[in-house]
Amino acid sequence: MEMRELRYFVAVAEDLHFGRAAERLGIAQPALSRALAGLEGRLGVALVERSSRRVRLTDAGAVLLTEARAILAAAEAAERRTREAAERRPRITLAVKAGTAGELLAKVLDAYGAHPGACAVDLVLSEAHEQRELLRSGRADVALLHLPFDSVTGLDTEELLTEGQVAVVPGDHPLAGRTAVRQAEVTAAPGPPPARWPGPDGSCPEGPGAAVRNLTQLFQLITLGRATVVLPVSAAVDLRRGLVAVPVTDAPPVTTVLAWLPESRSRPVADLVRVATSL
């Protein structure tokens with residue numbers, strides 16, 4: 001299989017429309033159709049089913065979509081790392097969810113910065129579901145993830161911190177004056193239902209709560225009385241005025257981990273992990 005063919009196939013599989021995929025790729029639609037037909041012919045399987053009204057992935061096509069994304073991401077990562085090696089300026093790119101683990105992150109960066117031979121650390125502030133894809137594509141070397149919310153399947157990890165959770169509510173909320181609450185009380189309290197976060201594929205689960213993608217959106221909605229949420233303690237350290245954090249005694253603990261690809265052989269990443277876990 002050629003990289004060009006895989007890029008063409010991914011565009012068709014994601015758009016499920018040959019015209020839109022061709023426009024996205026900047027090629028003529030007949031050329032795209034011929035390339036995909038050639039790929040199907042060499043593989044000996046149908047990847048898509050075409051009709052006058054729709055394009056649908058076959059079971060084989062769904063498998064190839066997953067594999068092709070991984071192959072293209074690996075190729076992109078190989079290009080980036082090769083160029084970085086040629087520049088002889090090692091750097092680490094660390095992916096973090098915007099607004100989370102602020103105090104812990106500052107301590108890790110300060111400690112690593114004082115380490116002999118430390119290299120520059122670039123931060124990528126991402127949304128809740130993006131870190132795994134950033135690692136897979138090579139756009140990040142290491143990421144801060146939070147268990148049990150984030151999947152670490154296929155990644156190497158080291159635990160940094162385990163903490164409790166709090167309910168974040170407006171100051172005039174019925175629970176705002178409490179010293180502690182239980183999860184059932186948060187769910188049953190009058191007012192808006194808890195917010196919905198995106199899953200690993202970037203889509204939010206169905207439900208009555210507001211769909212949010214980052215803490216900035218979330219805290220704005222809570223201030224306006226349109227959402228409530230249960231979050232790790234560290235995510236609610238610097239609350240905006242008018243919001244209150246109430247400990248939730250029976251919420252599962254949240255563990256912050258550093259995660260990276262198992263095949264990584266980066267000495268700077270190893271040094272960062274070692275420094276972080278020693279704090």
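**Close-up A. Asp-150 is a buried residue in this predicted model.** With a relative accessibility of 13%, Asp-150 counts as buried (under 20% relative accessible area, where exposed means over 50% and partly exposed lies in between, using a 1.4 Å probe and protein chains only). You will find Asp-150 in the loop between strand 5 (142–147) and strand 6; strands are DSSP runs of E with at least two residues, numbered from the N terminus. The side chains of Asp-150 and Lys-97 make a polar contact of 2.6 Å (a pair of N or O atoms within 3.5 Å, one able to donate a hydrogen and the other to accept it; residues adjacent in sequence count only if both atoms are side-chain atoms). A polar atom of the Asp-150 side chain also lies 2.7 Å from the backbone nitrogen of His-146.

**Close-up B. Asp-156, Glu-158, Glu-159 and Glu-263 form a negative surface patch.** Patch residues have over 30% relative accessible area and no salt bridge (a side-chain nitrogen of Lys or Arg within 4 Å of a carboxyl oxygen of Asp or Glu), and like charges are joined within 9 Å. Glu-158 belongs to strand 6 (residues 156–163) and is partly exposed, at 36% relative accessible area.

**Close-up C. Met-1, Met-3, Leu-43, Val-45 and Ile-71 make a nonpolar surface patch of about 400 Å².** Here, nonpolar side chains are joined within 5 Å. Met-3 sits in helix 1 (residues 3–15), a helix being a DSSP run of H or I with at least four residues. Met-3 is partly exposed, with 32% relative accessible area.

**Notes.** Residues are numbered from 1 along each chain as its sequence is written, and side-chain values use heavy atoms, leaving out hydrogens and water. In this predicted model, local features need pLDDT of at least 70 and side-chain atom pairs count only at pLDDT 80 or more, while totals for chains, interfaces and linings use all residues.

Terms used:
Accessible areas come from the Shrake-Rupley method with a 1.4 Å probe; for residues, only the protein chains shown count as cover. Lys and Arg count as positive and Asp and Glu as negative; His and the chain ends are not counted. The place of a charge is taken as NZ of Lys, CZ of Arg, CG of Asp or CD of Glu.
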